[in-house]
Amino acid sequence: MKLSVIGCGYLGAVHAAAMASIGHDVVGIDVDQRKVDALASGKAPFFEPGLEKLLEAGLAEGRLRFTTDIEQARGSAVHFIGVGTPQRRDSSAADLTFVHAAIDDLLRIVGEGEIIAGKSTVPVGTAAALAERISGSGAVLVWNPEFLREGWAVADTINPDRIVVGVPTEQGERTLEGEHAAEVLRSVYHTATAKDTPYIVTDFATAELVKVAANAFLATKISFINAMAEIAEVTGADVTTLADAIGHDDRIGRRFLGAGIGFGGGCLPKDIRAFAARAEELGKRESVAFLREIDDINLRRRDRAVHLVVEALGGSVFEKNVTVLGAAFKPHSDDIRDSPALDVATRLHGLGAHITVTDPAAIDNARRVSPQLRYVDDRDEAIRGADLVIVVTEWDEYRRQLDPEHAASLVAGKIVVDGRNCLDAQAWRAAGFAYYGMGRP
Ligand code: UGA
């Protein structure tokens, strides 16, 4: 099928390349010429394992193109919208400017019977409003949220654990155009639907809510275990053993019970804030008031990490050499948007510490937003002479590959703060380090 993807960021670029890899003829459109040039030459403009291989294959086979020219999207059976919906500068609501701009562009070229499939994360009610906007164009709008995780985006796109499609309804019943559009989308995702991936066809509001509810649940799980870490800190309990023990109950599950410096990135923080803002607009502030608490717990963990460093260095970090291992919001990513890791580093810098940051992928991005910090590519170079080392992103380079005996031979002071509870505390203690975890004795 001929498909277009409007917006070639994390979501759109991966979606375009993945759709080409399963046999479609895809054009990716973005307003950013540099991004388009990079993608068109087979280079991923961000770190995403497996993406370049897909780009190269799609471009070589002639099934994938990138352009700034919306005219190239003309005649596509489905136009996917994958633009960003960041947090507004003046409030915690979502900024829909790019979604509206994409619709404006599409209205110039879209043809009768073509489908516009929104993938961006939007406040509930957006799809209904956009459907109004496109009425008269002959196109049909559906909402098809994305659940990909950065670092696993390619696999999550090709083998999603579910596909959700919100279609137009009238008096609670799906319209014929809606039913037809859902069938077209089913054939777009033919590789996944052939494997019996759950395929959920619903109304707009439910589809929009599935996305934000999923992220709200994940954020809640992380903040729940971080709240337990706060209690563990005053009782001497160990939150990692607690998480293991409750995680054995498969109604609870161990995943996303990793206590530490909390969640960040381009999705969970802004999505829970936008959800709370939207609920307030709907007169249902109290229904998700707990999300503000989830946000507060999350942000307190960064304070806690800073406090631990200060405490471990005897009450002041002033002119102490602190090495920060990690800048990305999570491993397998170069994304530093709302990164707890970088936040902890800049706060310690603000307290007068000499900060050295290293990260396997995110240094360039981190330097751009926090140029006041010192960045070193080589991990061992970064650690050399440190009075304290803090791990804030659980890359394998630090979690598995950094031998505590080797680290001991490089540092000036044997103090390690494990902001992600990812190190083997016993091994670090055996190498002579004072080990501080998050919610661990
Ligand atoms: C998240 C969701 O996991 C995806 O399902 C969703 O599609 C995506 O947002 C999106 O809305 O586009 P992502 O932002 O890539 O994906 O990152 P996650 O893997 O969810 O991690 C988010 C943050 O939580 C990271 O900072 C991570 O370090 C932190 N985290 C995760 C914890 O602190 N503890 C955990 O146990 C797990």
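How far does a backbone N or O atom of Glu 150 lie from an oxygen atom of the ligand? The answer is 2.8 Å. Before I go on, a word on the basis. This is a predicted model, where local features need pLDDT of at least 70, side-chain atom pairs count only at pLDDT 80 or more, and totals for chains, interfaces and linings use all residues. Residues are numbered from 1 along each chain as its sequence is written, and side-chain values use heavy atoms, with hydrogens and water left out.

Back to the ligand. In Asn 215, a side-chain N or O atom is 2.7 Å from an oxygen atom of the ligand. For Arg 420, the distance from a side-chain N or O atom to a ligand oxygen is 3.2 Å. The ligand has 720 Å² of accessible area on its own, and the protein covers 88% of that. Those areas come from the Shrake-Rupley method with a 1.4 Å probe; for residues, only the protein chains shown count as cover.

Now the shell. The ligand is surrounded by 21 residues. Near here means that a heavy atom of the residue lies within 4 Å of the molecule or strand. The closest are Leu 148, Glu 150, Lys 211, Asn 215 and Gly 258. By type, the shell holds 10 nonpolar, four polar and seven charged residues. Nonpolar covers Ala, Val, Leu, Ile, Met, Phe, Trp, Tyr, Cys and Pro; charged covers Asp, Glu, Lys and Arg; the others, Gly among them, are polar.

Where does the ligand lie relative to domain 1 (2-197) and domain 2 (202-441)? Both domains give residues to the shell, so the ligand lies between them. The domain bounds come from an automatic or database domain assignment.

Next, the helices. Helices are DSSP runs of H or I with at least four residues, strands are runs of E with at least two, and both are numbered from the N terminus. α9 (204-235) and α11 (268-281) each supply at least two shell residues. α9 gives the most, with four.

Take α11. Its 14 residues reach 20 Å from first C-alpha to last, close to the 20 Å expected at 1.5 Å a residue. That expected span is 1.5 Å times one less than the number of residues. Is α11 mostly covered or mostly open? Mostly covered: 12 of its 14 residues are buried. Buried means under 20% relative accessible area, exposed over 50%, partly exposed in between, with a 1.4 Å probe and protein chains only. The buried set includes charged residues, among them Lys 270, Asp 271, Arg 273 and Arg 278.

In α9, look at Glu 208. Glu 208 counts as buried because its relative accessibility is 3%.

On to the loops. Two residues there have positive phi without being glycine. Glu 319 has a phi of about 60° and sits between α12 (290-312) and β11 (321-325). At a relative accessible area of 51%, Glu 319 is exposed. Asn 421 has a phi of about 45° and is found between β15 (415-418) and α18 (425-430). Asn 421 counts as buried, at 13% relative accessibility.

Last, Thr 85, in the loop between β4 (78-81) and α4 (97-109). Thr 85 is buried, with a relative accessible area of 4%. Its side chain reaches the backbone oxygen of Thr 121 at 2.6 Å.

Terms used. A polar contact is a pair of N or O atoms within 3.5 Å; within protein, one must be able to donate a hydrogen and the other to accept it, and residues adjacent in sequence count only if both atoms are side-chain atoms.
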